[in-house]
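Me: I would like to go through this model and ask what stands behind the words used for it. Please set each value against its cut-off.

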Amino acid sequence: VTAGEHPFYNEEWTKSIWPLLTDYAVPRLLHQELSSAEDVYPRLVPIRGHLMARGGIEVAVWDLQARLNKRPLWQEIGGGARREISCGVSIGIQDSVAQLLAKIETEIKAGYQRIKMKIKPGWDVDVVREVRRAFPDIKLMVDANSAYTLDDIPHLKRLDEFYLMMIEQPLAHDDIIDHAVLQAALDTPICLDECIRSAHHAAQAIRLKACRIINIKLGRVGGFAEARRVHDVCLEHNIPVWCGGMLEAGIGRAHNVALSSLPDFVLPGDVSASQRYWNRDIIV
């Protein structure tokens, strides 16, 4: 389960997970006959929200099914469009531009193929300009984590000069409509993250032209079955996707790698090494 320690990315947090699993999700599956892992998602649909908790069980069942069938997980979920996964890295707000540039240099030397830097009001256009000056050729994107509003359109439009891959979720975490207004005003592609929790949301965003890229996180959409449905909607409409990550240990990263082998995952994802977060991983 990829929920954070606190309910700041979404409504879930680690201490909310066990009661939800033990009281609601697990009883809907335990001692039940499942024809395949595909059965898990519909069994848990009556539970409103809590997609990370539900998704944690769902991906575990997919993992179990792959082991029972003696097949790699990527094969079990229908992946395998590529046998190498291009990998990006995410860098948070730093204490200084110099510190940010040093971190980017370190990650590029480590072999990461795309840099995602967090931005917020007061740490955006001028900082991105310095990064572009130092690294004119890298694949660069910015993640706004819902820090802006439509009043910021003139300011955000200044990011167009830096030929960014995308700006991720610049407006409210639950918004699609305002993103359509913003995307129409920008040359830079918008990537939606938090507001895409299902294939239905993805289809709505595409229909409204609210984005040109979508980030798929297994936990955010409730597991592999819905992640594949989001992927298929995007593939049908020529919207490229990439795999987003949370603060996952190696097990979660392994699931992300499998997901990233589906054909529309053409952009480097956040499948960076778990050693960036943990001194000792539980898979060691």
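**Values and the words for them**

Reply: Helix α12, residues 250-259, is mostly covered, with seven of its 10 residues buried. Keep in mind that this is a predicted model.

Me: What makes a residue of α12 count as buried, and which residues are buried?

Reply: Buried means under 20% relative accessible area. In α12, Gly250, Gly252, Arg253, His255, Asn256, Ala258 and Leu259 are buried. These residues pack against α3, α4, β6, α10, α11 and β7, where packing rests on heavy atoms within 4.5 Å.

Me: Which residues of α1 are buried, and why are they said to be on the same side?

Reply: Ser16, Ile17, Leu20, Leu21 and Ala25 are buried in α1. They cover an arc of only 125 degrees around the axis, so they lie on the same side of α1. They pack against α2 and α3. The face turned away from that buried side carries Lys15, Trp18 and Asp23, which are exposed, meaning over 50% relative accessible area.

Me: Why is the protein chain called as compact as a globular protein of its length?

Reply: The chain holds 12 helices and seven strands. Its radius of gyration is 19 Å and the globule rule gives 19 Å for 284 residues, so the chain is as compact as a globular protein of that length. Of the 284 residues, 53% count as buried.

Note on methods: Residues numbered from 1 in each chain as written. Predicted model: local features only at pLDDT ≥ 70, side-chain atom pairs only at ≥ 80, totals over all residues. Heavy atoms only, no water. Buried < 20%, exposed > 50% of the residue type's maximum accessible area, 1.4 Å probe, protein only. Helix = DSSP H or I, 4+ residues; strand = E, 2+ residues; numbered from the N terminus. Arc of directions from axis to C-beta. Rg over C-alpha atoms; globule rule 2.2 N^0.38 Å.
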